[in-house]
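Me: I would like a close look at one part of this protein, and then at how the parts around it are built. Please keep it plain and give the cut-offs as you go.

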Amino acid sequence: MKISTAAPLVFLAILSSGGAAPPPAIKPSAKQVSAPVAKAAPVKVAVPASKPAPAKQTPSRTVQAAPKPAPAPIETDALKTYPLQSISFPGGVVMTEMVYSNLPGFRPLTLDLYLPPGKGFPRPGLVFVHGGGWNSGDSRHAGTFGDFPGQLAGIAARGLVVASVNYRLSGEAVFPAALQDVKTAISWLRGHAKDYNLDETRIAVWGDSEGGHLAALAGVSCGVASLDPPADPKSKPPSDCVQAVIDWYGITDLETLFSDFGEPPPDKSDGGAFLGCEPALCPIGAARNASPLAYIETMSPPFLIVHGAGDTIVSPDQSQRLYNALHAKNVPAELVIYPGVGHDFAPIANSSPSAADPATNRQAIEKLEGFLDATFPKKPMTAPFKPAKPQGLPY
């Protein structure tokens, strides 16, 4: 975890003393895969049999004129001046950069929208949230993927509406700003469901590292009014609830991020910059209220949790505790631990932490696609979507 300057505390700490302890380890009955660290393929997980996906080729892309974008939720004038671009990928997928939010005093927030060709039934949606210590990164990079836009286009070609989101970083605004941006993007996408042939009853959120933290937190905090994006009291924005979550090696408990490795908390950390105070020094409850573990309930959406066994940036214990907490609430969840790789699925035997492991990347993508196929019905749900009732913070 990189060291960075902490920003001023903005988020409100809660009244009671002491955050709840992480849930005890529970012997899981749902599907779980783990394996010792070794140079071997991960243990097979019980999923519907499917033919191996053909090797993905790095697509060639051509820049073309962008289609007329949908209006921004707050300020439509920014769309006339902000440079948008549209890129074509093999298989008829077109990616268009769009502004989904304009907040006073901040840069326009954009997302890359990947649309598959053709019509037919409304398609399920997938929202990706990038990592980067909450203080860096963007919508077109993830882990050790060399051509991540090409990877997202490949997922969209399977018949999904895919959005990759940029959000405010910790140097711009502290928690809950980044989470609110992710929620705004989900709400914006659902509000334009008819424009993009999207089924608003089948939306998943996916993230890696700190993006995995935000994705998991967005998934379990549906209906928590204190974490909702600011909005006109008279307006009724579309729901930001999702129906599935994919968490790749994300942080689930900010209170134990360093103690998991037996290390004392540093004077300054990425987590401190994200919260506006160092987790160990924050007012009671502040770090807990920014942790997905605090919001899990029986109605939480299904989870796919993936982690590298040799991760020394975010301990696999973080994913194990998330899995245990979901299992305790009878939420469908699956945990996959890949041996021989660390953070970003980089091989632990390689001296370069940024080196790619194409085999693990490919397996993780295939696992993600299989999870979505198994979780979402083949056709849109007939019942109308109903958001959760508003809740308060747990601590």
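How many of the 13 residues of helix α7 are buried?

Reply: This is a predicted model, in which local features need pLDDT of at least 70 and side-chain atom pairs count only at pLDDT 80 or more, while totals for chains, interfaces and linings use all residues. Residues are numbered from 1 along each chain as its sequence is written, and side-chain values use heavy atoms, with hydrogens and water left out.

In α7, 10 of the 13 residues are buried, so this helix is largely enclosed by the rest of the structure. Buried means under 20% relative accessible area, exposed over 50%, and partly exposed in between, with a 1.4 Å probe and protein chains only. Helices (H or I, at least four residues) and strands (E, at least two) are DSSP runs, numbered from the N terminus. The buried positions of α7 are P316, Q318, S319, R321, L322, Y323, N324, A325, L326 and H327. The helix covers residues 316-328, and its end C-alpha atoms are 18 Å apart, which agrees with the 18 Å that its 13 residues should span at 1.5 Å a residue. The expected span is 1.5 Å times one less than the number of residues. Just after α7, N330 takes a positive phi of about 60°.

For the setting, the protein has eight helices and 11 strands. Buried residues make up 55% of its 395 residues. Of the contacts between residues at least 6 apart in sequence, 78% join residues at least 24 apart; contact means heavy atoms within 4.5 Å.

Another helix, α8, runs over residues 358-375. Its 18 residues reach 26 Å from the first C-alpha to the last, close to the 26 Å expected at 1.5 Å a residue. Its buried residues include T360, N361, A364, I365, K367, L368, E369, F371 and L372. What covers the buried residues of α8 includes β6 (123-129), α2 (148-156), β8, β9, β10 and β11 (333-338).

One of those covering strands is β9, residues 244-248, where five of the five residues are buried, so the strand is largely enclosed by the rest of the structure. In a regular strand the side chains alternate between the two faces of the sheet. Both faces of β9 are covered, with A244, I246 and W248 buried on one side and V245 and D247 buried on the other. Strands count as paired if DSSP finds at least two bridges between them. β9 pairs in the parallel sense with β8 (residues 198-208) over five bridges, and in the parallel sense with β10 (residues 303-308) over four.

β8, helix α4 (residues 210-220) and β9 make a right-handed β-α-β unit. Right-handed here means that, with the strands pointing away from the viewer, the path from the first strand over the helix to the second runs clockwise.

The loop between α4 and β9 holds S221, which is buried at a relative accessible area of 0%. S221 touches L179, K183, L227 and Y295, not counting residues up to four places away in sequence. S221 is also 7.8 Å from P292, C-alpha to C-alpha, although the two are 71 residues apart in sequence. S239 is found in the loop between α4 and β9 as well and counts as buried at 13% relative accessibility.

Two disulfides are counted, a disulfide being a pair of cysteine sulfur atoms within 2.5 Å. C222 and C241 form one, with their sulfur atoms 1.8 Å apart. C222 and C241 both lie in the loop between α4 and β9, so the pair ties together parts that are 19 residues apart in sequence. The torsion about their S-S bond is about 55°, so this disulfide is right-handed, and both cysteines are buried. Another disulfide joins C277 to C282, S to S 1.8 Å. Its torsion is about 110°, so it is right-handed, and C277 and C282 are buried. Numbered in sequence order, the bonded cysteines pair 1-2, 3-4.
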